[in-house]
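Welcome, and please have your viewer open.

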Amino acid sequence: MSSFLSSERGVGLKVIVLGASGFLGASTSSALFSAGHDVVTVSRFPSDAKRLNVLGLQAISYSELENNLNDYAQRSWIDFSWSGVLGKERDSKVQLGNIERVLKNAEFAKASGAKVFVGIGSQAEYGPVSGSI
């Protein structure tokens, strides 16, 4: 399957990185791939995954992941798919969608047989805060 970026390598970890086209997701994907791990990158907009393309990586869509979940069995999942991390969206209803998406992604990970799921968010899930978190 072409979306497996390095499946023939058979070395190291098998990881799915969600939100891979963002700053943290792309950096993590690149580091994992460079270290010889088998990385599948997932993006809401895979055709616009410029950060990944520059690194020589390609992203698949969430629907491709969902429709072919068995092809991605027994992988660790890292979820960077948090939206609205800048400006006014940090304290908006966008954050509720983030929580719903991460919960859905965790369910997909569980259904795929994943033993590890790491969800990365922002301060926004804590709501407005006037001091340090």
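Start by selecting residues 23–34, which form helix 1. Helices here are DSSP runs of H or I with at least four residues, strands are runs of E with at least two, and both are numbered from the N terminus. Helix 1 has twelve residues and reaches 17 Å from its first C-alpha to its last, close to the 16 Å expected at 1.5 Å a residue; that expected span is 1.5 Å times one less than the number of residues.

Before going on, note that this is a predicted model, in which local features need pLDDT of at least 70, side-chain atom pairs count only at pLDDT 80 or more, and totals for chains, interfaces and linings use all residues. Residues are numbered from 1 along each chain as its sequence is written, and side-chain values use heavy atoms, with hydrogens and water left out.

Now colour Gly-25, Ala-26, Ser-29, Ser-30 and Leu-32, the buried residues of helix 1. Buried means under 20% relative accessible area, exposed over 50%, and partly exposed in between, with a 1.4 Å probe and protein chains only.

Turn to the face directed away from the buried side, where Phe-23 and Ser-34 are exposed. What do the buried residues of helix 1 pack against? Show strand 1, strand 2 (38–42), helix 2 (50–54) and strand 4 to see their partners, where contact means heavy atoms within 4.5 Å. Just past helix 1, click Gly-36, which has a positive phi of about 95 degrees.

Next, select strand 1 (14–18) and strand 4 (76–79). These two strands run parallel and are joined by four bridges; strands pair if DSSP finds at least two bridges between them. Pick Val-17 and you will find its bridge partner, Ile-78, in strand 4.

The last stop is helix 4, residues 94–111. At 1.5 Å a residue its 18 residues should span 26 Å, and the end C-alpha atoms are 26 Å apart, which agrees. Its buried residues are Gln-95, Asn-98, Arg-101, Val-102, Asn-105, Phe-108 and Ala-109. Seen down the axis of helix 4, they fall within an arc of 130 degrees, so they line one face of the helix. Finish at Gly-113, which follows helix 4 and has a positive phi near 90 degrees.

Key. Arc of directions from axis to C-beta.
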